[in-house]
Amino acid sequence: MLIRALIVLLAVLNLGIALWWWWRPMPVDEALPAQIDGVPLLQLPGESVDAVPVPPPASARTTPSPGPAVSARPVDAPSPSVVDSRGSGLCHAFGPVDAEAGQPGAQAFAHGRIHVQPAPAASVPPRGWRVVMPPQADLEAALALQQTLRGAGFSDQVLVRNPPETNSIALGLFGSREAALRHRQRLAAAGFRAQVHPTGSDIRPALAFELREGVDPEQVRIGLRMLRTQPVDCDTLGR
C-alpha cells in the first residue's frame with residue numbers, strides 16, 4: 001500500500017512539473033548593444049575596417065559648457081574698482097614690522113605718505129622671542145596651513161583665533177633671538193615665511209598711514225603680513 005501511494009505521488013509531481021513547463025512564460029531575449037562606447041569592434045580577417053563605424057565614447061560626444069572665467073587677484077593688490085584714490089580720513093598703524101614684511105605693498109592701500117613708527121626704546125631686554133606665521137586670509141586658509149606645517153614636521157604650533165592676531169600661527173617661544181632666527185631658517189628651508197618678534201604686545205615698529213577710500217584695515221593687515229593693526233590719530237602723522 002505504501003509503495004503504491006509513493007508511485008501515485010511521483011506521478012502527480014511529474015504531471016505538475018510537465019504542465020508548468022508547458023505553460024511557463026517564454027523568456028524574452030534582450031538584444032545586446034551592437035557596440036560598447038570606447039571599445040572597438042572585433043574585425044575578422046579580410047573584413048573592411050570601414051564596414052562598421054565605431055561610435056566615439058560618451059565623454060567625447062558631450063561638449064562641456066565653458067565655465068565662468070576666474071581671475072585670481074593677490075590680497076595685497078586691491079581691485080581699482082574697489083579702492084578709491086581718495087583718502088578715507090581713517091589712519092591705522094600696522095605692525096610689528098619684520099624683515100619678511102614691510103613697506104613695498106603698503107602704497108596700494110595708503111593715501112599719501114607712509115610713516116614708519118620705530119620701536120620704543122627698551123629699558124630691559126625682551127624676556128623671549130617668538131616665531132610666528134603671519135595672518136592668513138581666513139580660518140580655512142589658516143587650518144590648511146596648519147596641516148601643511150604638520151606634514152613638514154613642524155607640530156609645535158598654535159593657531160591664534162582671537163584678535164588682534166587672528167588667523168596667525170605661533171610656532172615657538174625662544175629665550176634668545178639667535179635661537180628664534182635658527183628656527184625661522186629651518187622653516188624657510190621648508191618653504192615657510194615665518195617672522196620673529198620679541199614677546200610683548202607693542203605694535204611697533206609699525207607702518208602708519210591714511211587708508212584709501214574703500215580699504216578695510218583687516219585687508220591691509222593680511223596683505224602686508226602684519227600681526228596687528230590699530231587706529232591712530234591722523235593729525236599725529238603730520239599729513
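Where is Asn167 found? I looked this up first: Asn167 is in the loop between strand 4 (158–160) and strand 5 (168–174). Strands (E, at least two residues) and helices (H or I, at least four) are DSSP runs, numbered from the N terminus.

A note on what I am reading. This is a predicted model, where local features need pLDDT of at least 70 and side-chain atom pairs count only at pLDDT 80 or more, while totals for chains, interfaces and linings use all residues. Residues are numbered from 1 along each chain as its sequence is written, and side-chain values use heavy atoms, with hydrogens and water left out.

Back to my residue: is Asn167 buried or exposed? Asn167 counts as buried because its relative accessibility is 11%; buried means under 20% relative accessible area, exposed over 50%, and partly exposed in between (1.4 Å probe, protein chains only). I then looked up its contacts (heavy atoms within 4.5 Å). Leaving aside neighbours within four places in sequence, Asn167 touches Pro134, Pro135, Gln136, Asp138, Leu139, Ala142, Leu159 and Val160.

Next, I turned to Leu6. I found Leu6 in helix 1 (residues 2–23). Leu6 counts as partly exposed, because its relative accessibility is 47%.

Last, the whole chain. I see five helices and eight strands, and along the sequence they follow the pattern α-α-β-β-β-α-β-β-α-β-β-α-β. Of the chain's 239 residues, 30% count as buried. Among contacts between residues at least 6 apart in sequence, 79% join residues at least 24 apart.
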